[in-house]
Amino acid sequence: MIRLAVVGAGHWGPNLIRNFHDGAHSKVTRIIDSRPERLEQLKARFPDIPLGSDASTVWSDAQLDAVVIATPTHTHFALTKKALEAGKHVLVEKPLADNTEDAEALTALAVKTGKVLMVGHVFLFNPAVRRVKQMLTAGDLGRVYYISMVRTNLGPIRLDVNAAWDLAAHDISIADEWLGAQAVSASAVGGAYINPGVQDAVFATLRYPGDVLVNLHASWLNPRKNRDVTVVGDRRMLTFDDMNLQEPIRVYDKGVTEQKVGGVIDTFASFRASVREGDISIPKVPMGEPLKAECEHFVECVMKNQTPIASAVKATSVVRTLDAIARSLANGGREEKVG
Ligand SMILES: NC(=O)c1ccc[n+]([C@@H]2O[C@H](COP(=O)([O-])OP(=O)(O)OC[C@H]3O[C@@H](n4cnc5c(N)ncnc54)[C@H](O)[C@@H]3O)[C@@H](O)[C@H]2O)c1
C-alpha cells in the first residue's frame, strides 16, 4: 500500500485525492492546503483524512511514500524540490515548472535521489489520444502535414501563468507524443485583457521536425468550451473532440491526389478533379477515466520504481516549448528556437 499526501486541494486536487484514496494500492493519509477556509470545506468532503495547512509537516513524515502536488504552477518547483530532497516520490501537476532551468533541475534531482517524478500530463492517459498515436505509428494518415488544436473555455482565470502555460501545456504534451519529438521552434501572439501581462488568449504556431506545423489556440476568455483537434495527413485526416465522450475520433478518408504537374497544381480543373472525398469512419475507443489511469500508473511506477509514461523528461520538453512561446510573445511574435 502506497501512502500519499496531497498538497494543494483547490479545484483539481480533490479529483486526485478521490482517485488515490479509492485506489486498490494507495491511500491518502494527509491533505495539505494553505487556505483555512478551504480546509473547512475539505473536512466535510474527506472526513477520514487528516488535514493540515503546512506542507513542511509532509517532508518529515517517514510514513509517507509519495507526495502529490496540485498547487498553482509558480509553486511547483519549490514544493517538488523539497519533496524529492525529503526522499518522496512525486506526482506534480502540469506544467512541471514555469521555466526550463527549474524543470531541468527537477529532472536531474529525481535521477540523483532515485525517486519517481511524474507530471500530471493526463492526456497521455486518454484512450483517444493513445488510439490516435497507434494510428499515426501504423501510418494510417500517411505523412502528417499539420495539426490544429483548440482549447478554450470561459475561465478558470489564472494569475501566475498565461493561457499557454495553463491550457496549451496539454496540447503540447499531446503533439510531442503523437509526433514523437520536441518542437523545433515557436511563434506566438496573445492578448492580456483582464490582468496586465497575463495573456488570456494565445495563438501559437510550433514547427516540428519534418516540417510538421502545430497550431495552438489556448484561451480562458471564450464563450465555448472547445477541445478540438484536427490532424491532416497526406493519406487521411482526423478530428479528435474531447468533449464527445462516446465518439471522440472521426477519420476522414479525404485527401488530395495526383494533383501535381511539375511540382505545382497546374489548373483549377485539375485541382478540382484531384480532391478525394472518401468515407468518414468512427474508430472504437475504449471508455475509461484518464485521471484514474494516471493515478494507477503513478502507484505502479512507485511500487516498481519505474520511469513513468508522463516522465519528467517529456514534461521538460513541454516546458521548453512553453518557454519559447513566452519569448515569442515578449518579442512580438518572432519565431524562437525551442531548447
Ligand atoms: N491535469 C489537469 O487536467 C488539470 C486540471 C486543472 C488544474 N490542473 C493543475 O493543477 C494545479 C492546481 O490547479 P487548480 O485549478 O486546482 O488551482 P486552485 O488555485 O483552485 O488550487 C490550488 C490550491 O493550492 C493551495 N496552495 C497554494 N500554495 C500552497 C502551498 N504552498 N501549500 C499548500 N497549499 C497551497 C491553494 O490554497 C489552493 O487551494 C495547477 O498546476 C493546474 O495547472 C491540472
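**Close-up views of a predicted model**

**View 1. The two assigned domains of the protein.** In this predicted model, the domain assignment gives domain 1 as residues 2-121 + 290-310 and domain 2 as residues 124-288 + 321-337. Taken over C-alpha atoms, the centres of domain 1 and domain 2 are 30 Å apart.

**View 2. The contact between domain 1 and domain 2.** Here 16 residues of domain 1 meet 12 residues of domain 2. Helix α9 (residues 290-304) supplies four residues to the side of domain 1 that touches domain 2, the largest share of that side. Sorted by class, the side of domain 1 that touches domain 2 has seven polar, six nonpolar and three charged residues.

**View 3. The packing of helix α7 against helix α10.** Helix α7 (residues 163-179) packs with helix α10 (residues 312-330) at an angle of about 125 degrees, and their axes lie 9 Å apart. The crossing of α7 with α10 is right-handed. On α7, the contact is made by A164, W165, A169, I172, S173 and D176; on α10, by K314, S317, V318, T321, L322 and I325. By class, the residues of this contact of α7 with α10 comprise seven nonpolar, three polar and two charged.

**View 4. The residues around the ligand.** The ligand is surrounded by 24 residues. The closest of these are G8, G10, H11, W12 and E93. The shell around the ligand divides by class into nine nonpolar, nine polar and six charged residues.

Definitions and conventions: Residues are numbered from 1 along each chain as its sequence is written. This is a predicted model: local features need pLDDT of at least 70, side-chain atom pairs count only at pLDDT 80 or more; totals for chains, interfaces and linings use all residues. A residue is near a molecule or strand if its C-beta atom, placed from the backbone, lies within 6 Å of it. Ala, Val, Leu, Ile, Met, Phe, Trp, Tyr, Cys and Pro count as nonpolar, Asp, Glu, Lys and Arg as charged, and the others, Gly among them, as polar. Domain bounds come from an automatic or database domain assignment. Two residues are in contact if their C-beta atoms, placed from the backbone, lie within 7 Å. Helices (H or I, at least four residues) and strands (E, at least two) are DSSP runs, numbered from the N terminus. Axes are lines fitted to C-alpha atoms, for helices over the stretch in contact, and angles run from 0 to 180 degrees between N-to-C directions. A crossing is left-handed if the near helix is turned anticlockwise from the far one by less than a right angle, and right-handed if clockwise.
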